[in-house]
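Here's a quick tour of a protein model for someone just starting out. Have a look at it first, then read on.

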Amino acid sequence: MKLLIDSGSVCSILRSDTVKRLGVSIQPLEVSDITNFRAANGSNIAILGTVEIDIQVEGLTFPHIFYVVDNLTVPGLVGTNFLTATMSQIDFQRGLMSMFDGTIQTRLIHSTDTAHSGMIYKSVEIEPHTEAL
């Protein structure tokens, strides 16, 4: 499964039908967990729970916790929590992502398929010192 790298998302997220297809049980949220995300368009996205999924990159496997939601336009996305934990750096000029101080390098896949591309349909102003998903 291919995941979208989203440097604008602080958390990693999977769509609930993706989790169902993987055959993984959704764990309930902890009392201290957040219960919803705010999308870039201002709408709330309810969090159904969490799952731990193994992510494989260049033959190495990393366990990672994902939040599960119903409303996501892609099967899943990797947020900055994963990118930070793996010390990832993205080189857009060369089309590479390196992890763990360059120990692992993988090519980025660029999709030109407009059916899988994000499009802006409404301008949204994000206030300074705030975050949006």
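Predicted model: local features only at pLDDT ≥ 70, side-chain atom pairs only at ≥ 80, totals over all residues.

Residues are numbered from 1 along each chain as its sequence is written, and side-chain values use heavy atoms, with hydrogens and water left out.

**Strands and how they pair**

- Helices (H or I, at least four residues) and strands (E, at least two) are DSSP runs, numbered from the N terminus.
- Two strands pair if DSSP finds at least two bridges between them.
- Strand β5 (residues 60-69) runs parallel to strand β2 (residues 13-15), with three bridges joining the two.
- In that pairing, arginine 15 sits opposite valine 69 of β5.
- Strand β5 also pairs with strand β4 (residues 44-57), this time in the antiparallel sense over 10 bridges.
- Here isoleucine 55 faces phenylalanine 62 of β5.

- Glutamate 58 is exposed, at 54% relative accessible area (buried means under 20%, exposed over 50%, partly exposed in between, using a 1.4 Å probe and protein chains only).
- Methionine 87 has a phi near 50° too, again a positive value in a residue other than glycine.
- You'll find methionine 87 in the loop between α2 (80-85) and β7 (89-91), and it's partly exposed at 45% relative accessibility.

**Aromatic pairs**

- How many aromatic pairs does a search of the whole structure find? It turns up three (rings of Phe, Tyr and Trp, with its six-membered ring, pair if their centres lie within 6.5 Å; planes under 30 degrees apart count as stacked, over 60 as edge-to-face and the rest as tilted).
- Phenylalanine 37 and tyrosine 67 have ring centres 5.4 Å apart and planes at 90°, so this pair is edge-to-face.
- Phenylalanine 37 belongs to strand β3 (residues 36-38) and tyrosine 67 to strand β5, so the pair ties together parts 30 residues apart in sequence.
- Both count as buried: phenylalanine 37 at 7% relative accessibility and tyrosine 67 at 15%.
- Phenylalanine 62 and phenylalanine 82 are edge-to-face as well, because their planes are at 75°, with centres 6.4 Å apart.
- Phenylalanine 62 is buried at 12%, and so is phenylalanine 82 at 4%.
- Phe62, Phe82 and Phe100 form a cluster linked by ring pairs.
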